[in-house]
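User: I've got this one open on my screen. Can you walk me through it?

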Amino acid sequence: MAAFERVLTRNVGRPEALTLKGYQQNGGYEGLAKALKMEPDAVIDEVKKSGLRGRGGAGFSAGLKWSFIPKGKDKPKYLVCNADESEPGTFKDRLLMEYDPHQLIEGCAICCWAVSAATCYIYIRGEYTKATEILERALKDAYEGGILGDSVMGSGFKLNMYVHRGAGAYICGEETGMLESLEGRRGQPRVKPPFPAVVGAFGAPTVINNVETLANVPHILVRGADWFKAIGTDERNTGPKLYAISGHVERPGTYEYPIGVTFREMLEGCGGMLKGRPLKAFIPGGASAPILKADQIDIKMDFDTVAKAGSMLGSAAVIVMDDTTCMVRSVSRLAKFFNHESCGQCTPCREGTNWLELMLKRIEHGEGTERDSQVLLSICSHIGGNSLCALGDAAIGPVQSLVKNFQEEIDQHIRDRACPFPHRRYFDSGFENGA
Amino acid sequence: MPKVTINDRTVEVAAGTNLVDAAIQAGVQIPHYCYHPRLSVVGQCRMCLVKIDGMPKLQAGCSTQVMKDGMVVRTDVPEVEEAQKGMMEFFLINHPLDCPICDQAGECGLQDYSFKHGVPYSRFQYEDKRTYPGRERIPLGGNVVLNMNRCIQCTRCVRFTQEVAGTGELGFFNRGARAEIGTFPGKELNNPLATCVVDICPVGALTSTRFRFAERVWYLDKKPSICTGCEVGCNITMEHRRGDIKRYKPRYNVEVNDYWMCDYGRSTHERYKTTPRLTTPRVRTEGGNGNGHTPAIASTRIASSWKDALDTIHSRLQAAQGTGEIAFLGSAFLTCEEAYLFGKLADAAGSPHRSVPADVGPAWTIPRFERPPISGREQAPNRRGAELAGLAAGEGKTLTGEDLLHGDGAGQCEVLVVCDSDFGVGAYTPETVERLRQAKFLVVFGWADSPLAQVADIALPVSHHGEKDGTFVNVEWRVQRFERAFPPPGQTRAAVEALGDLLSRFDAAWANQSPGKVFDRLAGELPAFAGLSWHDLPATGAALNVPGALHRLSDQAAETSSEASS
Amino acid sequence: MSVHEPASMKPSGPPQRGGGFSQAALDEIAELRKRYPTAEALTLPALHIAQREWGGWLPDEAIAAVAAELGLPVAAVYGVVTFYDLYHQKPVGRHRIRVCTNLSCQLRGSEEIMETLRQELGVEEGEITPDGRCSYVHFECLGSCDTAPMMMVDDEYQENLTPNRVRQIVKGLK
């Protein structure tokens with residue numbers, strides 16, 4: 001595909017961008033300066049107009065989310081930046097934080113101005129120690145450089161921004177689980193409504209946005225909503241997008257494309273399949289997204305097209321699997337993950353994810369029965385839509401797609417009374433020296 | 001108020017009412033485990049899922065509030081029933097199916113909802129059930145036992161300790177399928193309301209140390225009653241098997257104890273088991289009429305008939321008039337009706353000496369919904385009622401409970417009549433028994449064969465709390481009625497009957513008394529009870545018309561706080 | 001060195017230190033207190049600090065110290081500790097190794113990384129080597145799938161692993 005000007009990752013490879021000065025040299029904080037001269041509502045309108053949709057997984061319009069926050073400055077409001085990137089296969093936010101922390105800080109500051117929030121917490125997963133350190137240093141610079149604090153860039157707008165470290169729990173990536181965790185409790189999602197825009201952190205109206213979503217904001221301000229809208233598939237799928245590609249490809253990594261790039265282009269962009277082996281399946285949007293078969297290789301990777309194909313773009317974490325992959329084993333691993341990460345409060349998720357893991361393990365080990373596929377689907381239907389938060393729905397995606405797309409492999413496990421795929425010694429098969 | 005339609009039944013409910021409560025008003029049961037009206041709504045058991053018109057997904061009834069007109073809800077549609085089946089299956093895959101050896105069987109939420117909403121077979125056939133080795137019978141403090149294998153993680157108990165008791169001993173630990181409840185290592189669940197977590201536990205995970213394996217619950221007869229542990233007057237259900245009381249459970253009364261009661265109150269029925277019972281009237285044939293204490297010798301006490309015993313008392317009371325003092329020592333355990341008749345008996349005997357001895361102890365406090373907590377320090381249920389009904393110590397120089405129990409008052413008495421003084425006022429201490437025995441003639445009405453009854457000249461067996469009808473007035477001047485749960489043993493009679501019988505010897509009009517009759521009579525006579533009748537007394541009790549009641553309550557509060565600060 | 005973790009791990013041993021937080025830790029907590037409207041919000045930061053203070057894990061006394069410092073029921077703090085994967089209720093090695101075994105790493109041989117550690121350290125997952133040097137566990141996705149397989153050694157990401165590299169890394173841990 002034609003060369004595409006990197007937007008979100010423009011500072012990757014510019015180590016000087018880690019400093020305030022280095023960031024500003026490349027147009028940094030111009031978006032914030034511009035925003036501060038605008039009315040907060042005008043900022044929200046601009047973001048709304050750009051069509052920016054949340055990059056964390058749900059794809060909800062960012063501008064619309066901001067507009068739900070009650071107006072006025074009399075009551076405290078918060079922005080919580082969701083940097084709890086834990087969806088298996090996703091590593092794009094870490095890149096943004098480690099290579100361009102000020103871009104995120106600028107995005108956060110613009111959002112705070114737009115919704116009149118005086119405090120922003122960047123909730124970062126506890127494992128990201130390096131990103132934490134880089135962010136802390138950037139925040140210190142920003143305070144010292146007058147970007148944050150009592151008067152943001154001399155505007156009189158007061159803003160404090162802090163990093164809050166999580167402690168290892170996927171569920172804290174769920175909005176309200178994150179708020180509970182931020183408030184010092186177990187990260188158990190809350191019942192909704194009320195939504196965070198009404199009752200969020202510490203009982204106050206709160207915006208929660210993903211790192212990548214906020215990183216887009218300065219560019220929208222500087223270059224305008226129209227510029228942003230021109231990138232992408234259509235009106236509903238706009239802007240640049242980070243795709244995190246991993247698994248059986250030659251050069252796994254984070255790649256920036258206009259949203260809606262086809263999976264085939266993406267695969268070519270990262271050097272194709274590992275060792276040139278055939279593609280068997282891919283997950284288009286992180287562990288919660290249903291698995292697609294190789295025949296979907298030409299799918300446009302935007303929110304709506306992927307949804308139409310029966311999966312979801314989610315966090316755009318693409319996991320690629322070649323023909324040597326046992327799908328039962330792969331899904332079993334994801335089921336183990338969801339069981340491990342279920343917070344345990346609601347029944348369908350607590351019991352259902354556990355049951356799914358046990359069953360899939362049994363099938364994987366060749367102890368499945370003819371009836372298992374049907375029971376798997378039934379468990380999924382009892383979890384889906386019935387759990388308290390979206391984790392339940394996320395957990396069933398891979399399992400349902402396994403039964404739908406790879407029933408033959410399940411049958412083979414049951415027929416052979418064993419896994420038909422030899423448990424390949426990965427490093428013995430020549431990767432030790434080649435990797 | 002907004003209207004909501006549930007399964008075609010439309011009801012008007014207060015704005016903000018959730019669907020579980022609204023459904024109850026509409027006569028529809030929405031199954032639920034984690035929801036409890038007094039605990040925060042967490043929406044986690046997912047049993048209360050309902051279909052709401054216009055919503056794509058099923059919604060949790062507990063966390064959905066009726067805010068405006070027009071909500072249409074269904075619980076009887078296939079998708080709801082399918083979800084309920086699914087949830088029941090989830091609950092049961094990791095729950096032991098050993099109801100025959102589970103103490104909760106018969107009052108278990110899992111049994112009930114399995115029957116109503118579950119499926120009769122299991123598809124969880126090849127996997128192992130989750131267990132918590134070593135956590136099958138953990139004492140969480142003295143009164144509650146945890147069996148983690150049976151827990152369904154509804155966290156009602158955790159929220160109770162955090163939100164109602166305010167002590168937070170229980171927590172929710174671990175994550176996902178390994179989530180469990182418990183106390184911090186080395187800490188105990190030991191707040192005064194601890195056993196309430198057993199009541200609200202829908203399954204057999206939390207059981208009461210006191211009750212577990214004492215009785216199969218389907219053998220229990222249940223009667224609404226009032227706790228006698230203190231002057232709060234918690235509404236309870238008295239559960240017994242053939243007169244053997246097995247447990248007290250709190251009964252909802254928003255005006256008094258809400259859904260709760262204290263562990264001390266629950267323990268109070270044990271006195272009926274541990275104390276020997278008096279079942280026949282008994283008189284002493286020799287000795288005992290001198291001033292000195294006469295040792296109790298079995299052969300000197302013989303069974304008598306009620307008629308002979310009452311005749312003797314009547315003649316002693318008549319003979320004593322003019323020759324010496326006659327004193328009537330009541331008790332805060334007496335019902336209003338008993339106290340009223342006891343007072344009338346004092347009148348008939350021409351005696352000014354009547355009193356209800358005080359027994360003030362630690363405060364028992366019950367938290368309440370949208371009301372200040374209610375607290376009682378008198379260790380008996382009816383001090384206020386007994387005094388109002390005619391046992392308040394008279395004006396001027398009279399013999400009070402203090403004089404009799406701790407002074408030499410009894411020595412001045414020709415006749416001393418003690419009614420229902422078997423516990424509370426220290427009738428068991430050798431010292432008080434000796435002091436009261438100073439009376440020339442000692443009559444004791446009581447249910448227990450107490451040390452005092454043993455030295456009495458006449459001891460008369462009367463019903464205990466479970467065996468009689470009556471009313472108590474609690475610390476907030478609320479009169480509450482309770483009813484007989486089972487008949488008294490042997491020749492035991494209800495005190496109202498016995499006192500009426502004795503009074504009829506002075507005036508035939510007093511014959512054939514019943515608590516209802518007495519209550520209506522005292523209601524006609526005493527302004528505090530004006531307008532009340534036995535038959536129409538509401539199930540939640542009625543506030544008495546006592547001038548300055550609040551003032552007197554606040555006095556008590558001031559007294560409590562000044563004690564606390566001193 | 002990261003912001004919240006120590007530069008050098010203290011020896012684990014039986015670190016029932018007695019007493020509560022050090023003064024430096026208390027100062028740190030007091031400083032953090034300014035960031036939040038409630039004391040409860042300090043639970044996670046305070047537990048991170050406590051874990052550092054108590055040598056990499058949280059014995060009961062550390063949990064009790066956090067509860068006392070923040071004025072919270074200790075059962076609630078215990079609930080928080082048991083919820084999060086990064087808090088340890090058992091002693092850990094001087095070096096803690098967390099191996100990502102989620103799908104992307106599994107596709108690229110994470111099981112062999114676990115196997116290599118088992119051979120190299122001679123202990124099972126979750127155990128501490130007899131010299132107290134290392135302990136290792138498998139972990140959920142650590143967000144470095146492009147460099148799979150990978151593991152986290154203390155606070156450092158070790159990426160693009162091979163069994164040989166794992167052996168080298170382990171040998172370098174003192």
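Analyst: One definition to start. Axes are lines fitted to C-alpha atoms, for helices over the stretch in contact, and angles run from 0 to 180 degrees between N-to-C directions. Helices (H or I, at least four residues) and strands (E, at least two) are DSSP runs, numbered from the N terminus. This is a predicted model, where local features need pLDDT of at least 70, side-chain atom pairs count only at pLDDT 80 or more, and totals for chains, interfaces and linings use all residues. Residues are numbered from 1 along each chain as its sequence is written, while chains are lettered from A and ligands numbered from 1 in the order in which they are written.

User: At what angle do helix H2 and helix H6 of chain A cross?

Analyst: Roughly 10°, for H2 (residues 30-37) and H6 (residues 101-115) of chain A, whose axes come within 9 Å. H2(A) and H6(A) therefore count as roughly parallel (angles under 35 degrees).

User: Which residues make that contact?

Analyst: From H2(A), A:Gly31, A:Leu32, A:Ala35 and A:Leu36; from H6(A), A:Glu106, A:Ala109, A:Ile110 and A:Trp113. Contact here means C-beta atoms, placed from the backbone, within 7 Å. Six of the residues in this H2(A)-H6(A) contact are nonpolar, one is polar and one is charged. Ala, Val, Leu, Ile, Met, Phe, Trp, Tyr, Cys and Pro count as nonpolar, Asp, Glu, Lys and Arg as charged, and the others, Gly among them, as polar.

User: Switching to the interface. How many residues of chain A touch chain C?

Analyst: 50 residues of chain A, in contact with 44 residues of chain C. Several elements of chain A each supply at least two residues to that side, including helix H7 (129-144), strand E3 (160-165) and helix H12 (327-341). H12(A) gives the most, with six residues. The chain A side divides into 19 nonpolar, 18 polar and 13 charged residues.

User: What ipTM does the predictor give the complex?

Analyst: An ipTM of 0.93, with a pTM of 0.92.

User: And what is the average pLDDT of chain C?

Analyst: Chain C averages 89, and 89% of its residues score at least 70. pLDDT is the predictor's confidence in each residue, from 0 to 100. Over residues 1-17 of chain C, pLDDT is below 50, yet this stretch has 36 contacts in the model beyond near neighbours in sequence. Where pLDDT is low, the predicted coordinates should not be read in detail.

User: In what order do the strands of the chain C sheet run?

Analyst: E2-E1-E3-E4, four strands in an open sheet with mixed pairing. Two strands pair if DSSP finds at least two bridges between them. Strand E2 (134-139) and strand E4 (156-158) of chain C are the edges, each pairing on one side only. E1 (residues 95-100) and E3 (residues 151-153) of chain C pair antiparallel over three bridges. C:Val99 stands opposite C:Met151 in E3(C).

User: What does H6(C) lie across?

Analyst: E1, E2 and E3 of chain C, running at about 155° to E1(C).

User: Chain B now. How many helices and strands?

Analyst: Chain B has 16 helices and 27 strands. Of its 566 residues, 52% count as buried, meaning 20 or more other C-beta atoms, placed from the backbone, lie within 10 Å of a residue's own.

Methods:
Two residues are in contact if their C-beta atoms, placed from the backbone, lie within 7 Å. A residue is buried if 20 or more other C-beta atoms lie within 10 Å of its own, exposed if 12 or fewer, and partly exposed in between; C-beta atoms are placed from the backbone. Angles under 35 degrees count as roughly parallel, over 145 as roughly antiparallel, 65 to 115 as roughly perpendicular and the rest as oblique.
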